[in-house]
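Here is a short report for a reader meeting this structure for the first time. Please keep the sequence and the 3D view at hand while reading.

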Amino acid sequence: MISNIKKKRIQGILLILPALSIIAIVTLFVIINTFIESLGYIPELSFNSFTLKYYVDLFTDVVFLKSLYFSFKVALISAIVATILGVYTGYYVSKWSDNFTSLLYKMPILLSYVAAAVLIYNTYSDKGLLYHIISTLGISEVKVNLVYTDSGLGVILLNIFKGLPFVAFCVAPIFMKADETYSFVAQNLGCTRFQYIIKILLPLAKRSIVTSFLIIFNFNMFTYEGFYYLGPSNPISIGVYAYKTYLSPDLSNRIYGMAINMIMIMISIILCFLYYKMVKGHREGEII
Amino acid sequence: MKKKKLLSLVLVFTLMISMVVFAGCENRAKQNQTVTLYGWGGDERVNAWIDNELGKYVKENYNITLKRVPMNIDEVLLKLTDEKSSAKSGSIDVIWINGENFYYAKKNNLLHGPFLNTLENAKKYYDLEGASATTDFGYATGGYEAPWGTAQFIFNYDSEKVKAIPTNAESLKEYVINNPGRFTYPKSSDFSGSAFIRTVLYDIVGYDKLKNLDPSYDTVKKVITPALEYLKALEPYLWKDGQVYPSDSAQLDSLYQDGEIDITMAYTANKALSMVKGKNWPSTTKTAVWEKGTPFNTHYLAISAIAPNVEGALKVINAALSPAMQISKANLDGWADLPSIKYEKLSQEEQGNLDKTLTPAKEYAPSILNYEELSKHQKPELKSDLVVIIEKIWEDVILFDK
């Protein structure tokens, strides 16, 4: 006789098996396959030996290192700005009660990255909406040049546009709940508004602020669309570099593409590890 | 109890889905009168021609349903490699291909063949010993692909804005310096961008010096250095100060359409005609070639090594090579692709039809060059591995300043 608990457990596993198997098979298969190919083993293209040559080549290639740095820089700047503005927005959002405004700030989350990239292009390109607004104001000879620049400004704008609402969305419920619980108590004990935010609200939301920062940072670093549509031709981002290498007509370049993929996967795994440490960490800051 | 019911429902549902899937597989294996054609899908006129003309023709004559799958050739090759490593039979039948992609596909045994000499229409209407049937970008085709059409690289410009169109590297430089920000070209990874770079090479270095070059990075770089210096000197005067290059010819065309640049380029000789006709481009748009010639090439149809329907694929390619299809493909109102068929082998009536389709209506005649003018300025393509190396060098030197 199987006990009831065991039975329920098996049932549970069976029920999530279809979904779980897709995730597990795809992820594991892809990672293993990528790793094997990145070592130079693709029998169907007559590459039959294992070597670390391709990794060494990449890490001595100026273009690759530049693109890694460029992606890192753009991702870091946009994640920091998006997190700060997102927390700020989240605080005010938590005070809004009407449905329309709380839906409005979530709009960018609903848009796909490509659509958002087109919006950014239409607004900030040199003959875009911004240019027309400024020139109707009577200021002539303006040069709006925000996309395609090698500072990556267009991409940063896109990442902030998509990241900010996400952070706000993550922290707003915590602020809302905390406000209900602590706001009155804090005021009663003579806490100023500023002290209340810095000493009570932010520490409470610390965990979700850091985790959402990690998520958008990781995503921004390896995203393809933003850099492809709004980024400069030089330097290129690591995602675009991987894709370009992977698609080269000389199929042996595919190994480099796989090695770049593997490097991206490793960085993501490290960030994931940090993320789980944050989520699983000590349970301080729980709202009672 | 409720959970049990739910569980059994889920199981039954899964079973049903898998049955449907398996049944579907079997059906496909039995009928299999569908032929897939994988190739570039970036031009609506080309797509429309394949769907409405070629598709209709093979349906009527062979009862084959032609399924066009728009996909960039690099992705097709990738898909082919993946399928070959994992399955006995793939999903790709016919591939629209040429140049370096053919070279690497054949080298990696991704193609079926040789088959060209078995095609009825190829034997009847084509010069099988001729250059376009035997060599593709300098390398032997070995009968692994059938010549489908020819194309020549040309420049399109707005004659209202560009009074004297540059026809060599020197005059282009002059134009670009005098009109900063009004000219650019796509990256070397784009077909047209790559062809533009070769046009410059033909002018500055010369085709004869390039054609037998040893395909090694350093040798090629040394020989083409003057051209690289030239392109580097152009850079600061290009659109967006050369900080960004359009990623493909579609982006370049839209810049031209928006009036941001004055000159665009294409590997389709008659493109201006349909663009002017469709009112996408100004009616003052004209076509030009360079004095020392522009690259021209043949594009081909090939069959995947693991094609599920080789027999059908052969029929489709045979149809694509037929006089009827070649003439309809050349129609200036449609795709306007130059035919690869041997003119002398056509019947008198067919010759007349071809002449008629190649003559534009009077009001549009100035926007394109006639075939004679084009053919006077044709230069063959370089070997495909050279092309790949040149593209890489351009990226390293011009794009990444290495």
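Ala336(B) counts as buried because it has 23 C-beta neighbours inside 10 Å, and the cut-off for a buried residue is 20 or more. This is a predicted model. Ala336(B) sits in the loop between α14 (323-330) and β12 (338-339) of chain B. The phi of Ala336(B) is near 65°. That is a positive value in a residue other than glycine. Most residues other than glycine have a negative phi.

Phe137(B) is another residue other than glycine with a positive phi, near 50°. Look for Phe137(B) in the loop between β5 (135-136) and β6 (139-140) of chain B. Is Phe137(B) buried or exposed? Phe137(B) counts as buried, because 23 C-beta neighbours lie inside 10 Å.

## Two cis peptide bonds

Most peptide bonds are trans. In chain B, the bond that joins Gly113(B) and Pro114(B) is cis, with omega about 0°. Pro114(B) belongs to the loop between β4 (111-112) and α5 (120-125) of chain B.

Chain A has a cis bond too. The peptide bond there runs from Asn234(A) to Pro235(A), and its omega is near -5°. Pro235(A) is placed in the loop between α10 (225-230) and α11 (238-246) of chain A.

## Chain B as a whole

How many helices and strands does chain B have? The count is 17 helices and 13 strands. The C-alpha trace spans about 80 × 60 × 45 Å along the principal axes of chain B.

For 402 residues, a compact globule would have a radius of gyration near 21 Å. Chain B has 24 Å, which agrees. Of the 402 residues in chain B, 45% are buried. Take the contacts in chain B between residues at least 6 apart in sequence: 80% of them join residues at least 24 apart.

## Confidence in chain A

The mean pLDDT of chain A is 87. A value of 70 or more is reached by 95% of the residues in chain A.

Where in chain A is confidence lowest, and where is it highest? The lowest mean, 78, belongs to helix α4 (residues 99-104) of chain A. Helix α2 (residues 53-59) of chain A has the highest, at 94.

## A helix pair in chain A

Now find helix α3 (residues 62-93) and helix α9 (residues 193-222) of chain A. Their axes come within 8 Å and cross at roughly 145°. The crossing of α3(A) past α9(A) is right-handed.

Several residues of each helix make this contact. From α3(A) they include Phe72(A), Val74(A), Leu76(A), Ala79(A) and Val87(A). From α9(A) they include Ile209(A), Phe213(A), Ile216(A), Phe217(A) and Met221(A). Ser71(A) of α3(A) and Asn220(A) of α9(A) also take part. By class, the contact of α3(A) with α9(A) has 12 nonpolar and five polar residues. It has no charged residues.

## Where the chains meet

Chain A puts 18 residues into its contact with chain B, and chain B puts in 24 residues. On the chain A side, α1 (4-38) and α3 each supply at least two residues. The most comes from α1(A), with three residues.

What classes of residue make up the side of chain A that touches chain B? That side has 10 nonpolar, four polar and four charged residues.

Note on methods. Residues numbered from 1 in each chain as written. Chains lettered and ligands numbered in written order. Predicted model: local features only at pLDDT ≥ 70, side-chain atom pairs only at ≥ 80, totals over all residues. pLDDT = per-residue confidence, 0-100. Helix = DSSP H or I, 4+ residues; strand = E, 2+ residues; numbered from the N terminus. Axes fitted to C-alpha atoms, helices over the stretch in contact; angles between N-to-C directions. Left-handed = near helix turned anticlockwise from the far one by under 90°. Contact = placed C-beta atoms within 7 Å. Nonpolar A, V, L, I, M, F, W, Y, C, P; charged D, E, K, R; others polar. Rg over C-alpha atoms; globule rule 2.2 N^0.38 Å. Buried ≥ 20, exposed ≤ 12 C-beta atoms within 10 Å, placed from the backbone.
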